[in-house]
Amino acid sequence: MNGATTGERLELAQAMQAEGSSGLGRRDFMRYAGAGAVLLGGASGLAACSSSTSSGTGTTGGTPKKGGTLTAGLAGGNASDTVDGQKGVNNVDFSRIIALYDALSRYDINAQIENGLAESFEPNSTATEWTIKLKSGVEFHNGKTLTADDVIFSLTRVVKGNLGGASSMANIDLASMKKLDDLTVLVPFKTPYATFPAGYTGYYYYLSILPTDYDVHNPVGTGPFKYQSFTPGQTSTFVRNPNYYGSTGGKGPYIDTLVINDLADENTQINAMLAGQADAINLLSFTSIPRVQAAGQILIGTGGGMTPFTMRVDQAPFNDVRVRQAFRLIADRKQMMNLVFGGHGTLGNDIFSPWDPDIDSSIPQREQDINQAKSLLAAAGQSGLTVELVTSDIAQGTTKVAQVFAQQAKAAGVTVNLRTVTATDFYGTQYLKWTFAQDYWYYSQYLPQIAQATLPISPFNETHWSDPTYVALYNQAIAITDPAKRRDVAHQLQAIDHTSGGYIIPYFPPTIDGLSKRVHGAQAGKVGLSFGNYSFKDMWLE
Amino acid sequence: MSAVAEAPVAPPEPSAGPRVRRFEWAHTLWAAAKTLRGAIGLVVTLFVIAVGAIGPFIAPHDPNAFVTLPYAPPNAVAKLGGDSLGRDVYSRVLDGGWQILIMAALATAIGVGLGAAAGVSAAYLPGWRDNIIMRFVDVILAFPQLVFALLLVSVVGPKNWLLVIAVGLSHAPQVARVIRSAALDVSERDFVKAVAITGVPPWKVMNREILPNLVTPLMVETGLRMTYSIVIMAGLSFLGFGLQPPSPNWGSMIKDGQGGLTLNPWAMLAPAIMLAILCIGLNTYTDAVTRSALGVDRAEKFALTEVMSATETGSA
Amino acid sequence: MTTVEQPAAAAPVLVAVPHPIRRLLIERTLYGILTLFIVSILVFAATELLPGDAARAVLGHNATPIQLHNLQVQLGLDRPAVVQYWSWLSGLLHGDLGKSLANGESVSTLLAGRILNSAVLVVLAGFFGTVIGVALGLFTAIRRDKFIDHTLSVISLGVTALPEFVIALGFLFVFSTNVFHAFPAVSLIPPGSPPWQSPSLLVLPVAALVVVIVPYIYRMMRAATIEALESEYVEMARLKGLPRTGVLLRHALPNAIAPTIQAIGLSFLYLAGGIVLIEVVFAYPGIGFTLDQAVQNRDIPIIQFIVLLLATFYIFMNIVTDVIALIATPRRRVPR
């Protein structure tokens with residue numbers, strides 16, 4: 001699906017839904033998919049995928065106008081919000097960090113890597129050293145010019161402080177990192193790391209570049225907006241950065257002031273928009289689409305972050321690969337997407353990082369196959385299995401998807417008992433130790449995601465996957481600097497993931513956001529961050 | 001926390017004389033059922049209990065099966081439309097009562113049992129024991145009932161047995177207060193003192209002489225506590241700390257349905273209406289029972305102080 | 001004439017006590033402090049037993065074990081329980097309410113606005129509830145056993161039975177989302193601004209709370225007024241030919257006040273408990289809503305503080321109510 005246009009994607013999604021879903025007639029789902037947005041019963045219906053939505057149609061086009069205040073009412077924040085460019089934890093943090101700071105590289109709205117503050121990344125022949133050239137003339141908000149010193153300071157801060165982005169710099173040779181000239185940094189690694197730019201980009205909002213004299217109480221960055229005020233868990237106010245390096249060519253930021261309010265939940269967000277108190281609201285459920293569309297615009301990103309089921313391959317019953325395969329066949333992926341996301345999102349095939357060019361698109365899409373699942377379970381001696389699934393509201397729809405899966409499992413004779421815990425408990429002492437649970441990942445490229453999740457040394461190896469062949473292939477891949485050759489090895493890794501891995505990835509959830517009528521310039525993205533990577537800098541008000 | 005001198009009304013007097021009329025409580029219940037209010041309340045309550053008990057067997061669909069679209073309005077497949085995942089609201093409503101009813105009944109039994117034991121002991125046993133028990137009672141009474149239950153549930157997690165115990169514990173102090181003052185009355189009577197003098201151990205006196213004379217207040221308390229149990233269970237489920245998904249129960253269905261009010265109001269209205277009429281019916285009947293036991297005006301005042309539940313009738 | 005009915009033969013005969021009000025105040029206050037102390041231990045113990053890791057809640061799921069441990073030390077979570085309790089308690093008494101585990105901000109800063117928001121709800125609901133309840137009580141006492149009296153009695157019986165979140169949702173349904181669209185469905189108080197600047201947001205939550213407490217006040221007022229009207233004292237006044245309204249206002253009402261004041265005081269207590277559910281329904285940013293979220297996030301200092309605050313309010317209102325009731329009925333200062 002790489003490079004498909006929005007129109008093509010829409011049609012594809014509609015076609016998939018038109019095939020119908022277990023228990024529901026084709027006609028029912030034409031209602032959801034229907035072009036022309038047929039409404040269900042009465043004035044309130046669920047018109048999904050109608051042409052007036054998504055990818056910013058209706059919001060792009062026209063000449064950007066400068067000025068005005070855009071107020072965002074975002075959910076997902078709490079009293080632990082921060083504006084430290086390297087210590088963000090939740091969605092609202094990231095919206096602020098992306099506004100205030102920049103990174104060496106970042107994702108564009110198609111989840112492909114684009115340069116940020118870096119002009120180029122050059123590896124040496126063994127991929128053990130990367131030379132990063134910075135763009136010249138970039139200024140921090142206080143007028144100081146960006147130099148290599150700031151980059152060295154920023155990367156050191158992350159690694160020494162063991163901050164969230166440190167895992168993507170795991171093998172860095174800090175002592176030998178040095179400044180080659182004012183705009184060039186040499187970043188050495190102890191072992192080959194051919195995928196460093198991808199690894200960095202996957203965590204780019206954890207790896208902002210900060211000035212050497214950075215003070216979080218008066219935060220300064222190179223981003224499109226400048227800090228004015230901030231109350232964690234409540235609100236923040238930023239103003240336009242007139243010297244933003246990315247404005248060349250008539251690009252944003254356009255708005256004068258960006259206010260980001262923390263709102264408690266979806267109901268509050270929608271009412272805020274209806275009352276004119278919020279121009280941008282994020283992370284809505286699909287059932288809210290009619291209400292929001294009636295008063296504003298809907299932006300639907302197809303998403304690339306995942307909320308997989310995780311099975312521990314080192315514990316019964318999932319230590320038997322046949323059980324894992326059976327569970328993957330139990331899932332009716334389209335039904336999950338339809339019931340929980342109104343058909344939005346992207347179908348998953350148990351392999352992560354769908355937008356990575358390294359993904360092997362020839363691997364056939366897995367479908368529900370209850371009979372095969374039953375025979376696999378019987379062969380493994382696990383007919384009539386009972387398992388506990390730990391679920392939590394860690395992301396949109398996770399607890400609902402868990403209920404759907406539990407219901408689907410009955411057809412295969414499997415009893416899934418749900419144990420719902422709070423997000424805090426989920427990430428508590430048992431995190432990464434649950435036998436069968438769900439989890440939530442932001443988007444990364446394929447090989448960097450392996451580093452995070454499916455190697456024995458991975459910091460978040462929740463499936464406890466440990467396969468020497470797999471590890472050898474990975475080590476081989478990250479030493480290859482030629483992308484085409486690396487891709488071949490990546491395909492081999494995917495074959496293993498697809499056959500015997502510990503993840504069930506039935507879908508990639510959509511991001512459904514709302515905008516008031518006066519907002520233009522917003523585009524839906526594929527990374528799984530709202531507003532196309534919280535790109536407030538591209539929005540203008542009419 | 002003594003309310004000096006203000007004891008708006010005494011709890012229902014135990015019957016005069018050393019013996020209780022056999023099954024007096026049954027007579028009171030029946031007399032209440034013959035009044036207009038009592039009859040309506042009883043009928044409504046029994047109806048909801050019937051729905052709760054029989055409902056799961058007559059539901060047209062599996063309450064957890066996905067039969068229609070999320071929040072679909074009433075249609076051919078789902079008489080009351082779909083809930084947030086497209087499950088049949090009608091079937092879920094039929095299946096959504098029995099758990100709350102059983103757990104509320106158990107919690108009430110625990111609460112009244114513990115509270116009565118504490119109240120009678122405090123009334124009858126001498127001096128410092130009374131103080132200790134009532135101080136303990138005061139501590140628990142320092143929290144709003146929901147907050148207390150919430151605190152306990154958040155410590156261990158929303159397990160069903162814990163919900164029952166938490167709610168039961170939160171009832172006990174209030175029951176203890178009422179029963180204590182009723183028991184004080186009884187223990188001052190001559191026949192009790194006469195038995196005590198003969199050297200019968202205290203627990204036997206409490207069991208055989210005092211308790212049987214407290215049947216009426218116990219009955220009234222049970223009815224009131226049952227109403228609260230249901231309300232608190234539903235409230236906890238509404239907040240997400242009660243019965244867990246996907247189990248259908250009226251409290252969490254109400255919460256689940258709130259998100260789709262503009263699409264299919266029945267997802268929220270149906271369980272809310274069932275819960276509402278259960279509460280109203282039970283409360284109406286309990287009110288009729290109280291009136292039948294005490295007479296109208298005293299019943300009125302008793303009910304008021306009872307539900308205020310922070311007054312103390314004559315202690316320290 | 002009062003509505004006291006002493007349990008027969010239970011009260012011993014006591015001598016008249018000098019300065020009964022002062023004595024009551026002192027006794028009850030000391031006693032209340034003792035209770036609060038025990039409550040604080042209970043709250044602290046309960047929250048310490050909470051499963052789940054507050055440090056994780058702060059750092060999020062990307063936290064490494066080293067980060068977690070550092071934060072735990074920083075927050076003092078690795079000290080023995082007794083030490084933590086003492087440090088918390090002594091902090092409280094010095095006005096230091098601790099820091100929220102979530103972001104290190106002091107609890108008092110975070111909660112000041114929310115306490116104000118809830119206080120506004122409680123005061124408004126208490127005021128309107130009292131006015132309406134007293135008026136209804138008087139009205140129905142005069143028109144006793146007439147149709148309107150019976151109707152109101154039945155309605156109030158129904159209303160008291162309902163869970164308050166059902167009442168709140170009922171208001172939501174009728175006045176906000178489905179029938180009329182007169183009021184916003186959630187409380188969108190802009191952060192940092194006081195609630196009275198957005199009066200339309202207060203209407204539904206306050207209305208729900210008023211509906212919850214009016215039945216008690218009205219019924220108590222009615223019962224007390226009826227009793228007062230039937231007293232000999234009032235009979236005398238009527239026989240003397242005094243006009244009916246005058247009799248009502250000057251002779252019956254003062255005697256009906258005392259038990260009603262108690263009902264009003266107790267209604268405030270009931271409000272303190274009721275705000276949890278009602279604030280959640282309307283997403284109103286008060287301490288009830290905050291408590292719900294704090295329990296979900298295991299933000300222990302916030303849980304401890306709010307629960308303790310509610311307990312303090314409870315005990316305080318109890319004392320106030322009893323003292324006022326005592327003052328209002330001179331004949332009852334001396335226990336008989």
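Biologist: Let's start with a proline. Where is P317(A) found?
Modeller: P317(A) sits in the loop between β13 (309–311) and α8 (321–330) of chain A. Keep in mind that this is a predicted model.

Biologist: And what kind of peptide bond joins A316(A) and P317(A)?
Modeller: That bond is cis, with omega about -5 degrees. Another cis peptide bond runs from G252(A) to P253(A), with omega near 15 degrees.

Biologist: Where does P253(A) lie?
Modeller: In a loop of chain A too, between β9 (235–240) and β10 (257–262).

Biologist: Backbone angles next. What is the phi of A111(A)?
Modeller: Its phi is positive, about 65 degrees, although A111(A) is not a glycine. You'll find A111(A) in the loop between β2 (105–107) and β3 (113–115) of chain A.

Biologist: Buried or exposed, that A111(A)?
Modeller: Buried, because 26 C-beta neighbours lie inside 10 Å of A111(A), and 20 or more are enough for that label.

Biologist: OK, and what about the phi of Y534(A)?
Modeller: Y534(A) is not a glycine either, and its phi is positive at about 45 degrees. This tyrosine is in helix α16 (residues 530–534) of chain A. Y534(A) counts as buried, since 24 other C-beta atoms lie within 10 Å.

Biologist: Zooming out, how is chain A divided into domains?
Modeller: Domain 1 is made of three segments, 33–78 + 224–302 + 510–542. Domain 2 covers 102–206 and domain 3 covers 309–508.

Biologist: How far apart are the C-alpha centres of domain 2 and domain 3 of chain A?
Modeller: They lie 31 Å apart. The contact between domain 2 and domain 3 of chain A takes 14 residues from each of them.

Biologist: Which element gives the most to the domain 2 side of that contact?
Modeller: Helix α5 (residues 196–202) of chain A, with three residues. The domain 2 side that touches domain 3 of chain A divides into seven nonpolar residues, seven polar and no charged.

Biologist: Switching to chain B: how many residues does helix α5 of chain B have?
Modeller: Helix α5 (residues 128–141) of chain B has 14. From first C-alpha to last it reaches 20 Å, close to the 20 Å expected at 1.5 Å a residue.

Biologist: Which residues are buried in α5(B)?
Modeller: I133(B), M134(B), V137(B), D138(B) and L141(B). Seen down the axis of α5(B), the buried residues fall within an arc of 145 degrees, so they line one face of the helix.

Biologist: And which are exposed on the other side of α5(B)?
Modeller: W128(B), R129(B), N131(B) and I132(B) are exposed there.

Biologist: Now confidence. What does chain C average in pLDDT?
Modeller: Chain C averages 75, and 72% of its residues score at least 70.

Biologist: Where in chain C is the pLDDT below 50?
Modeller: Residues 1–12 of chain C are one such stretch, and beyond near neighbours in sequence that stretch has 35 contacts in the model. Residues 332–336 of chain C are also below 50, with 11 contacts beyond near neighbours in sequence.

Biologist: Last one: what are the ipTM and pTM?
Modeller: The model scores ipTM 0.78 and pTM 0.80.

Terms used
Residues numbered from 1 in each chain as written. Chains lettered and ligands numbered in written order. Predicted model: local features only at pLDDT ≥ 70, side-chain atom pairs only at ≥ 80, totals over all residues. Domains from an automatic or database assignment. Contact = placed C-beta atoms within 7 Å. Helix = DSSP H or I, 4+ residues; strand = E, 2+ residues; numbered from the N terminus. Nonpolar A, V, L, I, M, F, W, Y, C, P; charged D, E, K, R; others polar. Buried ≥ 20, exposed ≤ 12 C-beta atoms within 10 Å, placed from the backbone. pLDDT = per-residue confidence, 0-100. Expected span 1.5 Å × (residues − 1). Arc of directions from axis to C-beta.
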